[in-house]
Amino acid sequence: MRTLARWCFRHRWIVLIGWAVALVGLSAIHAAAGSNYKDEFKLSGTDSFDALHLLQKSAPKASGDQEQLVVAVKDGKITDPQTKARVQTALDAVGKMPHVASVASPFDTGNEAQVSKDGRIAFATVTLDDDVVGVPIDASKDIVSKVQSFSKDGLQVEIGGQAIEQARQQGGGGVGIGFIAALVILMVVFGSFLAAILPLLTAAFALGVGVAVIGLLSHALTMASFSSELSLLIGLGVGVDYALFIVTRYRQEIMRGATPEDAAVNSLDTSGRAVLFAGITVCIALLGMFALGVSFLYGVATAASIVVAFTVLAALTLLPAFLALFGKRVLTGKQRRAVAAGELTTTDESPAWARWADILQKRPVVLAVSATVIMLLLAAPALSMRLGSSDAGNDPASSTTRKAYDLLAQGFGPGFNGPLQLVAEVKGDEGKAAFTRVVDAVRKTDGVVAATKPVIVGKNIALAQVYPQHSPQDAATSDLVKHLRTSVVPPAEQGQVNVLVGGSTAIGIDFSKVLGDKLPLFIGIVVLLSFLLLMAVFRSLVIPAMAAVMNLLSVAAAFGVVVAVFQHGWGAELIGVDRTGPIEAFLPVMVFAILFGLSMDYEMFLLSRIKEEYDKTGDNGLAVADGLSATARVITAAALIMVTVFGSFVFGDERVIKEFGLGLAVAILVDATIVRMLLVPATMELLGDANWWLPKWLDRILPNVHIEGEPDLDQEIEELLEASPVVVDEGAPR
């Protein structure tokens, strides 16, 4: 690490030009080649995916995503001649649009049930020519525009469905907000514009190169459409943190009297090592998504890991070059004058945090217990967490999807917003009769409002729509799907047909179950691998075990707050949430991966400094106090940046973005304050030298990893020679 730091410092222009060429060149290639992000989604072995696959294979025209076009009148009825003609004109226009395979009009024979009992609301099923992944966003937006053009003169026309939902949901400017927030906070922390801009410059280079690389890789690997946005947010978080830690240590070394080169070398040999191992831990957490067995997450994990790897590389190579370029100008004017006058600092400790460390050491039991109780109280609601997919009833009230949802619920019941499908391959009259028997049995099941008559699509595929009583996100609908699959459909089949329960609502239910079942495995793998890495780094069994427990506490607290707000509705109105529902199934996975990585940054930076002090003094209490006092300010600053970035998402319109923002903001807030600044040091104070216990046999077989830095032999020899009264022949070999 010292060799790398010296080379990058002395060859600053080579490094800077190399990164600039990489950024410009890769960005140009990316701009020319474009990206090929694809939202391929597979849940092999589930009823819903098998039903979709069967339709795609044997009846592709019936396998496309289905949208609900809803019409309503203020006066009269939909079936009034003049109104009926206007509605039919709208349906015909939509039916001629690109990517629309068919439109099932409420006026067609057999579709009378698509008109409400009072005659004021009706719906048409619009089947697209592909699933939600294959339909272009622009095509869905064009359909919305066409539909809304008919909404006038007392006729209201709205449309909802997965493809329309995807077109409506557009990303925000999270990265831009993050850079602005980071600059303001770094200015306050450092008091120097150059010092504040360095972490942002380093992160910007890393993000630019990383996004170009994953954009090009999207041609070879399957990556979801949101991979680049998510990677940018994660990369921004860790990139600013990593550079912030190194710049802070560099300034401290300069204030102690080190030359800029020695300061850069020492910074990378200490904080740089912590950054390296923190980055490895982040990648472990992200790549742990492979354990879930959900294919569309593979590309997301790969993309985010690549960006994190580039942020680490930039912090260890590009940042030393920038430090060589700026030298002592990263200090404030007052600090530069003090260094010039020989007024050097002998400690990196913050007086305020030193006083806090003193309080901790006097009352470790009380403070540790209090912190644990707070964390457990925050985490308690997570015990009732229900994973699922929120429906359009949570969309902004002004959106067409929300209006379509409300109209369907008003005219027919909430279950009409998410119909189920019965799908089967039938052979001969016997198979058709068996399928009809299954549909009749399902129609009579409690919780089912209606079921359409069976139709044959393709060559021999039987299809029927089933409308539940409850909304798609309701727990009762999940229970209904399970009941149909286990207790209703099998007895009615009588071995003559294999009926699958599918549809978009069933896909969401199956997705939630798959992720929920594999979530413990995912968490276990990430925690275990991180434990092994930390054990090798800190030569301790207690430190990695404590880190794992603390990180899990932070995650649990975040989940608890999210469940309390979005599932139970506690204080939901304060952030514009007007309807409770399940927690998005993928949220725990994403939040855990991101938080585990960011919290490990704080853990690594705090503990590496504590271990550095412990190796010098052998005094656990002194090491904890000095490590906390020296790192607390920069850890809280790094956390404040991320809390500001993610907290801004809470004030958006989308429920899932609100969940994401609140979960991460709370998690990082409690992790960097209650956990790192209170619970970890208090626990380490109580454990004493036991923190560093490792069986001798294990110590012998573990790889020897130095996170606290290697000794600089050249510098030690120089100091010995200067202190020696012996005259040394400078021309002799050293």
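The crossing of α14 and α22 is left-handed, a term used when the near helix is turned anticlockwise from the far one by less than a right angle, whereas clockwise makes a crossing right-handed. The model is a predicted one, in which local features need pLDDT of at least 70 and side-chain atom pairs count only at pLDDT 80 or more, while totals for chains, interfaces and linings use all residues. Residues are numbered from 1 along each chain as its sequence is written, and side-chain values use heavy atoms, with hydrogens and water left out.

Helices here are DSSP runs (H or I, at least four residues), numbered from the N terminus. Their axes are lines fitted to C-alpha atoms over the stretch in contact, and angles run from 0 to 180 degrees between N-to-C directions. The table sets out two helix pairs.

| Helix pair | Axis separation | Angle |
|---|---|---|
| α14 (residues 364-379) and α22 (residues 655-687) | within 9 Å | roughly 140° |
| α13 (residues 351-362) and α21 (residues 620-648) | 9 Å | about 135° |

The crossing at roughly 140° makes α14 oblique to α22. Angles under 35 degrees count as roughly parallel, over 145 as roughly antiparallel, 65 to 115 as roughly perpendicular and the rest as oblique. Among the residues of α14 that meet α22 are Leu367, Ile374 and Leu378, and on the α22 side the partners include Ile674, Leu678 and Glu685. This contact of α14 with α22 has 15 nonpolar residues, one polar and one charged, where Ala, Val, Leu, Ile, Met, Phe, Trp, Tyr, Cys and Pro count as nonpolar, Asp, Glu, Lys and Arg as charged, and the others, Gly among them, as polar.

The packing angle of about 135° makes α13 oblique to α21, and α13 passes α21 in a right-handed crossing. Trp353, Trp356 and Leu360 are among the α13 residues in this contact, and Leu628 and Arg633 are among those of α21.

The largest nonpolar core has 175 residues, and Met289 and Phe522 have the most contacts inside it. Such a core is a set of buried Ala, Val, Leu, Ile, Met, Phe, Trp, Tyr and Cys residues joined through side-chain atoms within 4.5 Å. Phe522 touches, among others, Met289, Leu292 and Phe592, contact meaning heavy atoms within 4.5 Å.

Phe596, in helix α20 (residues 587-617), is buried, with a relative accessible area of 1% (buried means under 20%, exposed over 50%, and partly exposed in between, with a 1.4 Å probe and protein chains only).

Technical notes: Helices (H or I, at least four residues) and strands (E, at least two) are DSSP runs, numbered from the N terminus. Lists of a residue's contacts leave out its neighbours within four places in sequence.
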